[in-house]
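Take a look at the model below. This report covers its surface and its charged side chains.

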Amino acid sequence: MDHSLRRLYEDLRSVAVAVVYPPGEDRDLLVEQLKRIGCRIHLHWPFPECPPAGADVVFFQVSQCGRNSAAWTASEVEATLIALSEYETPTTLKQLLKTNAHGVLTRPFRSAGILSTLVLARSARMFQLRQQNKIDKLESTIKSRRVIEKAIRVLMDHQRLDEREAYEHMRGRATRLRVSVAEVAAMIVDASEAMEKLGLGGGRPGSSGGA
């Protein structure tokens, strides 16, 4: 077995699973199989307004989430979401698409499909998190570059520095203060904007009206 797959499978033994489904044979079958896998089970019914807190995985009846579907979406929930669908009607499929669930089981539930659905859904969730982390880092990098570029323009306008000198000045300050260049850039931009609000923006040092 592949190491990553083995790790994913072993991880299931410590997973906290919330099952949001009405009592009955279908829920009993699902719970029994999850217990065999080694999951810690928490049962919820009636259908709650928001997804259960503290769960790593939430199995939920998709036909009941329409009233508050905004809270039952993969983008709003930290847990892996696995929808439990009773029918494949257009309305149910529309609700399922809104949730962006990582997996789905359709009645009649079968023991043979629960483990594979759980593993694939958890894998999809992990992939989603990795992609979101990459997006967040990229957005942060772009934001930092914009702030640095703005700070460079401030230094060029007010300190008679060229672009390279302005950047080296910020880098030197960052080293002495033990912070990032982007943080120094933000300080410069904030200070410049504060001076502008106070009517002290002025032009280059030494120009008319300068110190």
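Glutamate 25 lies in helix α2, which covers residues 25–37. This is a predicted model. Glutamate 25 is exposed, because its relative accessible area of 72% is over 50%. Along the chain, glutamate 25 and phenylalanine 109 are 84 residues apart. Their C-alpha atoms are separated by 9.6 Å.

Now the salt bridges. The count comes to four.

Glutamate 193 is partly exposed at 34% relative accessibility. Lysine 150 is partly exposed at 36%.

Glutamate 32 and arginine 36 both sit in helix α2. They are four residues apart, about one turn of the helix. Glutamate 32 is partly exposed at 43%, while arginine 36 is exposed at 56%.

Glutamate 168 and arginine 171 both sit in helix α5, three residues apart. Glutamate 168 is partly exposed at 32%, and arginine 171 is partly exposed at 41%.

Two surface patches remain. Which residues gather in the patch of negative charge? They are Glu149, Asp162, Glu163 and Glu165. Glutamate 165 belongs to helix α5 (residues 163–177). Met195, Leu198 and Leu200 form a nonpolar patch, with about 310 Å² of accessible area together. Leucine 198 is found in the segment after α6 (181–197). Leucine 198 is exposed, at 63% relative accessibility.

Methods: Residues numbered from 1 in each chain as written. Predicted model: local features only at pLDDT ≥ 70, side-chain atom pairs only at ≥ 80, totals over all residues. Heavy atoms only, no water. Patch = residues over 30% accessible without salt bridge, like charges linked within 9 Å, V, L, I, M, F, W, Y side chains within 5 Å. Areas by Shrake-Rupley, 256 points an atom, 1.4 Å probe, with all protein chains shown as cover. Salt bridge = Lys/Arg side-chain N within 4 Å of Asp/Glu carboxyl O. Lys, Arg positive; Asp, Glu negative; His and termini not counted. Charge placed at Lys NZ, Arg CZ, Asp CG, Glu CD. Helix = DSSP H or I, 4+ residues; strand = E, 2+ residues; numbered from the N terminus. Buried < 20%, exposed > 50% of the residue type's maximum accessible area, 1.4 Å probe, protein only.
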